[in-house]
Amino acid sequence: MVGRKVLLHVEKKPASPGRTILEVENLRVVDDRGVERLRGISLHVSAGEILGIAGVAGNGQSELLEVLGGIEKATGTVRLDGQEIDLTGKHSDGRTRRARGIAHVPEDRQHLGLILDFMAWENCAFGYHHDAAYQKNALLMDNGKLVADAEGKIERFDVRPPNPRLPAKNFSGGNQQKIVLAREMERAPKLLLVGQPTRGVDIGAIEFIHKRIIELRDAGAAILLVSVELDEILSLSDRIAVMFDGRIMGERLPAETDARELGLMMAGIAGEKAA
Amino acid sequence: MTKLPVWADVVLVPLLSLLLALLISALVILAIGEDPVEAMRTMLEGAVGSAYGWGYTLYYATSFIFTGLAVTVAFHAGQFNIGGEGQAQLGGLGVAVVCLSLPWPHWTLALPAAMMGAALFGAAWAAIPAYLQARRGSHIVITTIMFNYIAASLMVYLLVNVFRPPGTMDPATSRFPEGANLPTLHDMPLIGGLFSPQVPANISFLLAILACVLVWLLLWRTRLGYEIRAFGKSEPAAVYAGISPFKIIMLSMLISGALAGMMAINNVMGESERLVLNSAEGAGFIGIAVALMGRNHPVGVFLAALLFGILYQGGAEIGLWTSIPIELRTVVQALVILFTGALDNAMRMLVGWGFRTFARRDAAGSRAGAA
């Protein structure tokens, strides 16, 4: 179908984790209806490693990403590179998170990650539109620079058709996802939050996206990966944490576990915590 | 549905809608036993056929540009500001307060101050519904409509009890000082010869054009405009990007209210030179139609405002020179709004269908030609 052999198994070197980038302690989220969606999550991610979060959709993974990305408020402690992040204050939003070096590829690119009616070039700066490089002067944005920047991203991430003046809604799902990934990954973030990186993406693009995530890891970023695709979690992650009902059921190393054990943990059955 | 070429989308569809509206207006005129051709001629001649006519047309258009831009800015933030009428009346109050507070020596000093007053009062009147929407979730359509009524009552109270000069029975302020009178277009160098001295079209028309440019810059060239448009398209995505909904709702509505308020520079300071009851005369509502027809783009708003200026002035002429009642202009306006606003998509589909049919016939024709 794609004219060549598809590498669903990702080739990667073993991780060489550096200092701890993300530390999460006792994170709790109560939603509008009073339901506790996160019940005291604690985890950590180091530079140069991928922590995969496995779980059946709706067990708190979305909330975890949204809290870390600045969309939702929470209680608990989150430290980035040793410095605490404000989780409840007036300035707890996506803009300050980006300024701290947290990039966020949201689970739902059409709902959150893109403005579908905006052109590709407008979307390529979405969330980073305050960046000094995009401004002409104190008042006006430099649309020419934005377009040029988008052209570069489109070329490097092989977005098709390579037209920055097309509205985001006219791209296929895989190419929309590449626009989001290009925007979030090219900033050399300290921490990359990725939700469902390859959902609804064609098979050729999946391989491309996986490669880029590994490359970013090898460049020293800490990556928190949420996916409902167990194969994706198993092949990309350096460590795997399983979430069930707003809690972490346990952590496993991909080499020492299999889909069967993870599946049982995802169903809340094997509750014993790994060391 | 096939995508229409840009020229068809921007020019052909509104034009056809307009023609249909006029056609049905003609049927209405026929139905009341009058001559539609005569009526249309009177209307066009009255609106653009003389220096007097287009002077009035531009005067009305100026007000409609301001209120149309007001609706446009709010619309891009996803807020439907129906309160332009009340905001324009409060803008009038701002103008009156500024103009009456000092013995202005010259209009060049009075104008910037009056603009600030108009913008400030209009924005303040929009700020309350905006805050209620942003913090309490009270729907802005409902609150802005209700604020129109509150504004009307407030103006009655203020004009009768506070601003009415002693000894008069007219609920209006006293006349503004000479130095606060704006130059009409007739007084302007270069273009003055095009206008007759009696028309109220004044320097605010140039301000309205400037406002169109500034609104365009705001929406498509600034970070705030980028955030306004992003928020208007998708609130969840805007929050993801770190855009504060509270900030965008407040700022867009403040700008919207300020623009609606600035309309008062035209009608209160430029024309009546005192504040009277119901000073906005429905221009706030026409602004909604203007923005709708102008497709929420400053260029479109400018053109639509001119059209509504023509309808408004031409309609008045019909009432003056023919036995057709002046209310007919409301009918014509309503039909234009119906066809350009409400039935816009139907017309688009119809034109799209026409394009496809022609494309197919062309293809069939060229195949036949090749054979």
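Six strands of chain A make an open sheet in the order β6-β7-β8-β3-β9-β10, with mixed pairing. Strands here are DSSP E runs of at least two residues, helices are H or I runs of at least four, and both are numbered from the N terminus. Two strands pair if DSSP finds at least two bridges between them. This is a predicted model, in which local features need pLDDT of at least 70 and side-chain atom pairs count only at pLDDT 80 or more, while totals for chains, interfaces and linings use all residues. Residues are numbered from 1 along each chain as its sequence is written, and chains are lettered from A and ligands numbered from 1 in the order in which they are written.

**The six-stranded sheet of chain A**

- The edge strands are β6 (102-105) and β10 (247-252) of chain A, and each pairs on one side only.
- On average, neighbouring strands of this sheet are turned by 20° against each other, direction ignored.
- Angles run from 0 to 180 degrees between N-to-C directions, and axes are lines fitted to C-alpha atoms, for helices over the stretch in contact.
- Five bridges join β9 (residues 239-244) of chain A to β10(A) in the antiparallel sense, and I240(A) has R252(A) as its bridge partner in β10(A).
- Helix α7 (residues 203-218) of chain A packs on the sheet and touches β3 (50-54), β7 (191-195) and β8 (222-226) of chain A, with its direction at about 150° to that of β8(A).
- Helix α9 (residues 259-266) of chain A lies across β3, β9 and β10 of chain A and runs at about 35° to β9(A).

**The four-stranded sheet of chain A**

- Strands of a sheet pair through backbone hydrogen bonds, either parallel or antiparallel.
- An open sheet of four strands in chain A has the order β2-β1-β4-β5, with antiparallel pairing.
- β2 (36-46) and β5 (83-84) of chain A are at the edges with a single partner strand each, so one side of each has no neighbour in the sheet.
- Strand β1 (residues 20-30) of chain A is joined to β2(A) by eight bridges; V30(A) is partnered with E36(A), and T20(A) stands opposite S46(A).
- β1(A) and β2(A) form a hairpin with five residues between them, and G34(A) in the turn has a positive phi of about 85°.

- A residue is buried if 20 or more other C-beta atoms, placed from the backbone, lie within 10 Å of its own.

**Helices of chain B**

- Helix α5 (residues 107-136) and helix α10 (residues 245-272) of chain B pack at an angle of about 145°, with their axes 6 Å apart.
- L335(B) lies in helix α13 (residues 328-342) of chain B, and L335(B) counts as buried because it has 21 C-beta neighbours inside 10 Å.
- L335(B) and G270(B) are 65 residues apart in sequence and 30 Å apart in space, C-alpha to C-alpha.

**Where the chains meet**

- The contact (C-beta atoms, placed from the backbone, within 7 Å) takes 14 residues from chain B and 22 residues from chain A.
- On the side of chain B that touches chain A, α8 (223-233) and α9 (235-240) of chain B give two or more residues.

Methods:
Contact = placed C-beta atoms within 7 Å. Buried ≥ 20, exposed ≤ 12 C-beta atoms within 10 Å, placed from the backbone.
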